[in-house]
Amino acid sequence: MPVVRWIARTPALVLLSPLAASAQSPATTPRFEVEVEGGLVWQSRNDAEIPNDGSATRFSISDLIGGGPWPTGRAYLTWNVNERHGIRALVAPLSVTESGVPDQPLRFAGSTFAAGEPVSATYTFNSYRLTYRYRWHAGARSTAWVGFTGKVRDAVIALDQATTSARKDDLGFVPLLHVAGQWTVTPTWRVTLDADALAGGPGRAVDAALKLAYDPGGAWAVNAGYRTVEGGADVEEVYSFAWLHYAVAGVVVRW
């Protein structure tokens, strides 16, 4: 996928200029941070019914095309306005296209797809976010932030079989709560937790990551860990819930 190839090249591009900047003390809040994350994603649940009014089939996309894994990536840009206030932008593209054979006819978005014949399924869930966060705790070994995230969700579910095709696009805004924290285990190792989440009403959304980071205290750091993304919506227009699991590694550059 073009986006994945772009993500793979980005760490090298990002590292060229900021690494020339002078190193800073770990206690100093950098003005800017770029984090590029890559890894693999699996799906343990991905159910859809479109429309959600009894006229369509509720089926499992994960059963149809498998659980993965697939390559994935995302990038953050953080502007620390001062020691307490920060703004963070996120670009997190995800698009998977695979084929499978349904064991029953699928009524989807006004079309019917025959059982026993190959179907190409596309699942896209691109996320673009802007977060404001406030550092409410800064101890000798721990730091914590709280804030709010505005998320633009660009989602697509599409099926293709011979001359039959159907597609559902879902572009929308989702407000989320943001919490994050880090615990310094040693002078160069720390554990980080980062989450955007909100539940209630007809849907929910959770994006949370737990990572172990190596930070020698200069212009760069690296990390690795687990990320989970879960959620969806149950409204008349669409029923769609997915649970994704990521094994990730990243590089952080700051100046």
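Q: What makes up the lining of the largest cavity, by class?
A: Eight residues are nonpolar, five polar and four charged. Ala, Val, Leu, Ile, Met, Phe, Trp, Tyr, Cys and Pro count as nonpolar, Asp, Glu, Lys and Arg as charged, and the others, Gly among them, as polar. The model is predicted: local features need pLDDT of at least 70 and side-chain atom pairs pLDDT 80 or more, while totals for chains, interfaces and linings use all residues. Residues are numbered from 1 along each chain as its sequence is written, and side-chain values use heavy atoms, without hydrogens and water.

Q: Why is the space of about 120 Å³ called a cavity?
A: It is called a cavity because, on a 1 Å grid over the protein atoms alone, a 1.4 Å probe fits at its points but cannot get out. Its volume, about 120 Å³, is the space filled by probe spheres set on the points, which are joined across faces, edges and corners. Among its 17 lining residues (an atom within 4 Å of a point), Arg 74, Ala 92, Leu 94, Val 229 and Tyr 246 are the closest to its centre.

Q: What is the class make-up of the lining of the second largest cavity?
A: Seven residues are nonpolar, two are polar and none is charged. The lining includes Trp 70, Leu 94 and Tyr 123, and the cavity volume is about 50 Å³.

Q: Why are β9 and β10 said to pair?
A: Pairing needs at least two DSSP bridges between strands (E runs of at least two residues), and β9 and β10 have 20, in the antiparallel sense, so they pair.

Technical notes. Pairing = 2+ DSSP bridges. Helix = DSSP H or I, 4+ residues; strand = E, 2+ residues; numbered from the N terminus. 1 Å grid on protein atoms, 1.4 Å probe; cavity = no way out; pocket = protein on both sides within 12 Å on 5 of 7 lines; lining within 4 Å.
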